[in-house]
Amino acid sequence: MKYILVADDDPMTNLLITRELQKNGYGVLMAHDVVHASMTLTRSRVDVVIVDVRMPGGSAFDVIRRMKHSTRLGPIPIIAISSGMNGELAAALKRQGTDRCMKKPIDLNALLGTVMELVSQQELTIVHRSGSPKSPVYIDVGAEPKMVEQPHE
Amino acid sequence: MLNIELFTENCGGDPAVMLELAVMFLDESARQLSAIEQAMSAGKSEEMQFAAHRLRGGLCIFAANSAVQAAETVELIGSNKQLEKAPEAVGRLKNELAQIRNDVRDLIARETISYSIH
């Protein structure tokens, strides 16, 4: 199962996103502030982070900065959400390493599609070396992961 | 006024989630309004801004546009530290919120009946 951290102090948005992700087979970890989000990231396995820009104890920028300074957490995809999302804010978030930005109220279909896309992109970056000799190997070649056939032994 | 079509859409068309959110909204909106009033009385503009921001988030899900605007005004007043403008803006927000809370109560009653029939 893939695990998504939903960090938002608004319980209604948390509930909405959590129900949608759970319905579609994802495990959800919730955090209501920056400290709790950071603790969850430290202690648990997380595959994608959904973080509200404005939270008690700081902002999404604090969470993103901490993640990007960590070897383990750095590669985890990040989706930033905000009711005040605009081009300027999205650009600033992307400069910090955010993968996607979305405006509240959240379009649940779009969010789910984005989570699925980011999870599969992340899987493509893992080099699979197990399995039969004919099984494909996925190699991260940068922005656009390419699939190559594993050579016959 | 509550936009039921957009609210349904925002909840992914799931009646159980709609009902859960509606019940949560009655509790959460009362809490945030109380926080706004307390912050206003205490002259704490940042706390007022934060509570208005949270309230706005919930109102967005219900697509209650005029209430969203009223919350946004209070948020902006808090952000600009113009507390002298707060009483009028908070008064307007309270009126908008009273309307939307009535709509949400009606929605809960309808959905609960519909649930018990099915």
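This is a predicted model: local features need pLDDT of at least 70, side-chain atom pairs count only at pLDDT 80 or more; totals for chains, interfaces and linings use all residues.
Residues are numbered from 1 along each chain as its sequence is written, and chains are lettered from A and ligands numbered from 1 in the order in which they are written.

Helices here are DSSP runs of H or I with at least four residues, strands are runs of E with at least two, and both are numbered from the N terminus.

**Chain A and its sheet**

I then read along chain A, which holds 5 helices and 9 strands in the pattern β-α-β-α-β-β-β-α-β-α-β-α-β-β. Of its 153 residues, 33% count as buried, a word that requires 20 or more other C-beta atoms within 10 Å of the residue's own, again placed from the backbone. Among contacts in chain A between residues at least 6 apart in sequence, I noted that 52% join residues at least 24 apart.

In chain A, 5 strands form an open sheet with parallel pairing, in the order S2-S1-S3-S6-S7; two strands are taken to pair if DSSP finds at least two bridges between them. Strand S2 (27–31) and strand S7 (100–103) of chain A are at the edges with a single partner strand each, so one side of each has no neighbour in the sheet.

I followed strand S3 of chain A in detail. Strand S1 (residues 3–7) of chain A is joined to S3(A) by 4 bridges, and the two run parallel, with Val6(A) standing opposite Ile50(A). Strand S3 (residues 48–52) of chain A also pairs with strand S6 (residues 78–82) of chain A, in the parallel sense and over 4 bridges; here Val51(A) stands opposite Ala80(A), and Asp52(A) stands opposite Ile81(A). Because 5 of the 5 residues of S3(A) are buried, the strand is largely enclosed by the rest of the structure. Val48(A), Ile50(A) and Asp52(A) are buried on one side of S3(A), and Val49(A) and Val51(A) are buried on the other.

**The largest nonpolar core**

Which residues touch the most other members of the largest nonpolar core? Of its 70 residues, they are Leu5(A), Ala7(A), Ile50(A) and Val74(B), where such a core is a set of buried Ala, Val, Leu, Ile, Met, Phe, Trp, Tyr and Cys residues joined through C-beta atoms within 7 Å. The largest share of this core, 9 residues, comes from helix H2 (residues 15–42) of chain B. Leaving aside neighbours within four places in sequence, I listed the contacts of Ile50(A), which include Leu5(A), Ala7(A), Ile17(A) and Ile79(A).

**Leu111(A)**

I found Leu111(A) in helix H5 (residues 108–124) of chain A, and it counts as buried because 21 C-beta neighbours lie inside 10 Å. Beyond four places in sequence, Leu111(A) is in contact with Ile17(A), Glu20(A), Met102(A) and Ile106(A).

**Chain B**

Chain B has 5 helices and 0 strands. Its radius of gyration, taken over C-alpha atoms, is 15 Å, close to the 13 Å of the globule rule for 118 residues, so chain B is as compact as a globular protein of that length; the rule is 2.2 Å times the number of residues to the power 0.38. I noted that buried residues make up 41% of the 118 residues in chain B.

Last, I looked up Ile36(B) in helix H2 of chain B, which is buried, with 28 other C-beta atoms within 10 Å. Not counting residues up to four places away in sequence, Ile36(B) touches Met48(B), Ala51(B), Ala52(B), Val74(B) and Val90(B). Ile36(B) and Gly78(B) are 42 residues apart in sequence and 9.7 Å apart in space, C-alpha to C-alpha.

Conventions: A residue is buried if 20 or more other C-beta atoms lie within 10 Å of its own, exposed if 12 or fewer, and partly exposed in between; C-beta atoms are placed from the backbone. Two residues are in contact if their C-beta atoms, placed from the backbone, lie within 7 Å.
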